[in-house]
Amino acid sequence: DPAARLHGPVIVGDGAEIDCGAEVGPASVIGAGARIGAGACVRRAIVWPGTVVKPGEHVEGAIAAGGERVKG
């Protein structure tokens, strides 16, 4: 979404969706087909392919995979 905010460095895989008002980065990787919900925040994190980060959720210094978060 054009209203999403990306703060590099960020890697975004094919088919990933970053919704309105979401904030990603710095130092984050969003896997192919993942979705970052509206207003969510992902910082210094890895979101595995196909994983959904729910609207408004914060993922920081973690690995998100299949709905589970593992603190890093």
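The structure is a predicted model, in which local features need pLDDT of at least 70 and side-chain atom pairs count only at pLDDT 80 or more, while totals for chains, interfaces and linings use all residues. Residues are numbered from 1 along each chain as its sequence is written, and side-chain values use heavy atoms, with hydrogens and water left out.

## Overall form

The protein chain contains 0 helices and 12 strands. Helices (H or I, at least four residues) and strands (E, at least two) are DSSP runs, numbered from the N terminus. Read from the N terminus, the elements are β-β-β-β-β-β-β-β-β-β-β-β.

The C-alpha trace spans about 30 × 20 × 20 Å along its principal axes. The radius of gyration of the protein chain is 10 Å, which agrees with the value near 11 Å that a compact globule of 72 residues would have. This radius is taken over C-alpha atoms, and the globule rule is 2.2 Å times the number of residues to the power 0.38.

The accessible surface of the protein chain is about 4000 Å², and 59% of this surface belongs to carbon and sulfur atoms. Accessible areas come from the Shrake-Rupley method with a 1.4 Å probe; for residues, only the protein chains shown count as cover. Of the 72 residues, 33% are buried. Buried means under 20% relative accessible area, exposed means over 50%, and partly exposed lies in between (1.4 Å probe, protein chains only).

Contact means heavy atoms within 4.5 Å. Among contacts between residues at least 6 apart in sequence, 0% join residues at least 24 apart.

## Strands and pairing

Two strands pair if DSSP finds at least two bridges between them. Strands of a sheet pair through backbone hydrogen bonds, either parallel or antiparallel. Here, an open sheet of 4 strands has the order β1-β4-β7-β10 and parallel pairing. β1 and β10 (58-60) stand at the edges with a single partner strand each, so one side of each has no neighbour in the sheet.

β7 and β10 run parallel and are joined by 3 bridges. R43 has E60 in β10 as its bridge partner. β8 and β11 also run parallel, with 2 bridges between them. The bridge partner of V47 in β11 is A64.

In a regular strand the side chains alternate between the two faces of the sheet. Strand β11 (residues 62-65) has A62 and A64 on a covered face, and I63 and A65 on an uncovered one.

## The nonpolar core

A nonpolar core is a set of buried Ala, Val, Leu, Ile, Met, Phe, Trp, Tyr and Cys residues joined through side-chain atoms within 4.5 Å. The largest such core has 16 residues, of which I30, I36, V42, V47 and V59 touch the most other members. Apart from neighbours within four places in sequence, I30 is in contact with I11, V12, G13, A16, V24, I36, V42 and V47.

## Residues in the loops

Two cis peptide bonds can be described. One joins G8 and P9, with omega about 5°, and P9 is in the loop between β1 (5-6) and β2 (10-12). Another runs from G25 to P26, with omega near 0°, and P26 is in the loop between β4 (23-24) and β5 (28-30).

A27 is also found in the loop between β4 and β5. Its phi is positive, near 55°, although A27 is a residue other than glycine. R44, in the loop between β7 (41-43) and β8 (46-47), is not a glycine either and has a positive phi of about 45°.

| Residue | Relative accessibility | Class |
|---|---|---|
| A27 | 45% | partly exposed |
| R44 | 47% | partly exposed |
| W48 | 48% | partly exposed |
| T51 | 3% | buried |

W48 lies in the loop between β8 and β9, and T51 lies in the loop between β8 and β9 (52-53). The side chain of T51 reaches the backbone oxygen of W48 at 3.1 Å. Leaving aside neighbours within four places in sequence, W48 is in contact with G31, A34, I63, A64 and A65. W48 and H58 are 10 residues apart in sequence, and their C-alpha atoms are 15 Å apart in space.

Definitions and conventions:
A polar contact is a pair of N or O atoms within 3.5 Å; within protein, one must be able to donate a hydrogen and the other to accept it, and residues adjacent in sequence count only if both atoms are side-chain atoms.
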